[in-house]
Structure formats: structure tokens, C-alpha cells
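Please keep the structure open as you read.

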Amino acid sequence: MVGEKSPVSGVLKDLMSFRERIVEQPLPSEPPLPPEPPLPFETTYPSEPPLPSESPLPSESLLPSEPPLPSEPPLPSGPPAPFTPADCSERPEKTSGVYTIYPSGAAVQVYCDQTTDGGGWTVFLRRQKQEPQLNFSRTFKEYEGGFGSPSGEYWLGLRNLHFLTSQKQYELRVLVARGTESASSHYKKFQVGAGDSYKLHVEGYDKERSTAGDSFTYHSGRQFSAIDRDRDMAEGGSCSEWSGGGGWWYDYCFITNPTGLFGGDKPAHEDSDLYLEWRYWQGYYAYLSELTFMIRPKTLELG
Ligand SMILES: [Ca+2]
């Protein structure tokens, strides 16, 4: 009965074929599993950061090269500080002559009187017989800066005069001469104010020590005038023009005219205002053959 299709076997057959169908039937493919997430220990770590010891330390070679040490300060045994005497009283020399001083820091040559009355005098104006005579008819600007040669006739300059006399109190000595006669006048205080008026302040005429009279106090308080700058007290004109073309603390106009024309070779009393004068010594128009203005710090006054 084998071969005989029994109902049972038919059922089995059906079951089998059903099974086959099921088995053979491609199973709906499972959706691909998402790739397993890498296990933590398998995780590819980002490459390890370089160990500190290996990290590119700012290697020394990359450091800016050390700046060179500052050169050592000069040892005390080095060159001494520059010698810059402000005036002749700070010069060590005991003989009179032309020396360098530094009234405002800049070097300037002047004549130092190191013997008269103890010395230490800085000459700021000198008139004398020489060939040729120095021209004193100068601009205000020239009077500010100074002109001439300290070995002969010269004017130190208003700027330096102001600078010096605003640092300390200065006394003034004026030497006058006519022919073989000479005399002097002393003032306890001499000061030149600031530019651009450079006002004169002179006081303390010392009668005891003076033999030439006081021809200067009259000018105290006046501004400085020159041929190109009229600051005098004469409203009708220019004292400089009337007095030889110089520069001075003219009032109306002068008792002393130190920057007038050189008149030492003129006869006395020629009656002209153009020449050098110091009127309260030998009177008006007794033209001088020498005239020197010199100053030194009051503290050095000897008597
Ligand atoms: Ca005038």
C-alpha cells in the first residue's frame, strides 16, 4: 500500500510542501543589524595626546634668545662727570683770561677777572680801544645771543645774563677808565628778567666801595631796547638811534651808554650822545676809553 496515496500521506505531503514553502521561502531578510557600536575598550581613541614630556614644549631653542645683559655701569673709576662751571666764580684758575663757562648748559667763552677784589668775576660787557672797534649797533636778536670776542670787546648776551642771574643773586662791578684815570662802581644786586623784555633790576649801589658814582640805578626797571626794538621811555623817538645805535636798558635816554660808539679818543665835552659814557664819574660827555661790566654770585662777596 506504499505507493498508495493515503489521505494521511497526502496530508503529510501537504504539510511537507507547506514546510518547504515556508523554509524555502526566503525569510524576509532581517534588516541588517546596525553595526555594533564598538565596545568601549575597542574604541579607537583619538590618538593619545602626546605626553606632556613629549609635547612640543616651547623648546629652549624657540625661546627668544635672551637679551644680552646690559653692559655694566661705568665703575667709579671711569671718566669723571664733565666739568661745567656756570660762571667764572666756579673756575679754579687764579689768573684772569678767557675761559669756558656753561651758564645755561651750553658752552660759552667769556673773560674771567680772577684777581680784582678776590676774582670770580664774569665779564658780560667790555669796551676798550682795539683795532677795529667792535660794532655794537646790532639787532635785538643779536643782543639776546651775544656777539664779539671775549678776548676783546664783546657782549655776553641777554639770554645767558637772564639765566645766570635767575639762579643766584649776583653783585655787579663796573670799571671805567678815561686815559690814565680809572674808577669803579659796585651794586649789591644785578638781575636781568626773562625775555623778551629782559627787564633790568639793579639796586644796592655801594657808596663805600664805589669811586665812579651811580650811573646805573637810573636804568633799573627798564626793558631792553635795540636799534630794531624801541622799548624805551622816549615817546618821540628811539634812544638807540640817538645814542649811537647800541642796545641798552634805555630810559629817556641814559646816564650810562655802554654800547655807544667808542669815544675814548675824543676830546671831553664834545657834546654828543653817541659815545661811551658813565656820566656821574667825570660828568657828561667825558667819553670813556674803557668800560667793563662784571658779575659774580653775591655769596662770594669778600667784604
Ligand atoms: Ca621810544
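Helix α3 (residues 158-165) is mostly covered, with seven of its eight residues buried. Helices (H or I, at least four residues) and strands (E, at least two) are DSSP runs, numbered from the N terminus. A residue is buried if 20 or more other C-beta atoms lie within 10 Å of its own, exposed if 12 or fewer, and partly exposed in between, with C-beta atoms placed from the backbone. The buried residues of α3 are Leu158, Arg159, Asn160, Leu161, His162, Leu164 and Thr165. Their cover includes β2 (108-113), β3 (121-127), α2 (140-145), β6 and β7 (181-192).

Before going on, a word on the source. This is a predicted model, in which local features need pLDDT of at least 70 and side-chain atom pairs count only at pLDDT 80 or more, while totals for chains, interfaces and linings use all residues. Residues are numbered from 1 along each chain as its sequence is written.

The protein has five helices and nine strands, and buried residues make up 33% of its 303 residues. The mean pLDDT (the predictor's confidence in each residue, from 0 to 100) is 83, and 73% of the residues reach 70 or more. Over residues 22-28 the pLDDT is below 50, and this stretch has zero contacts in the model beyond near neighbours in sequence. Residues 36-63 also have pLDDT below 50, with three contacts beyond near neighbours in sequence. Two residues are in contact if their C-beta atoms, placed from the backbone, lie within 7 Å. Where pLDDT is low, the predicted coordinates should not be read in detail.

Now for the core. The largest nonpolar core has 54 residues, and among those with the most contacts inside it are Leu172, Val174 and Val176. Strand β6 (residues 170-178) gives the most to this core, with six residues. Such a core is a set of buried Ala, Val, Leu, Ile, Met, Phe, Trp, Tyr and Cys residues joined through C-beta atoms within 7 Å. Not counting residues up to four places away in sequence, Leu172 touches Tyr187, Phe190, Val202, Phe293 and Ile295.

How many of the nine residues of β6 are buried? Nine of the nine are. In a regular strand the side chains alternate between the two faces of the sheet. In β6, Tyr170, Leu172, Val174, Val176 and Arg178 are buried on one side, and Glu171, Arg173, Leu175 and Ala177 on the other.

Lastly, the backbone. Most residues other than glycine have a negative phi, and most peptide bonds are trans. A cis bond joins Glu131 and Pro132, with omega about -5°, and Pro132 lies in the loop between β3 and α2. The bond from Gly195 to Asp196 is also cis, with omega near 5°. Tyr198 has a positive phi near 50° and sits in the loop between β7 and β8. Tyr198 is buried, with 22 other C-beta atoms within 10 Å. Tyr285 has a positive phi near 65° and counts as partly exposed because it has 17 C-beta neighbours inside 10 Å.
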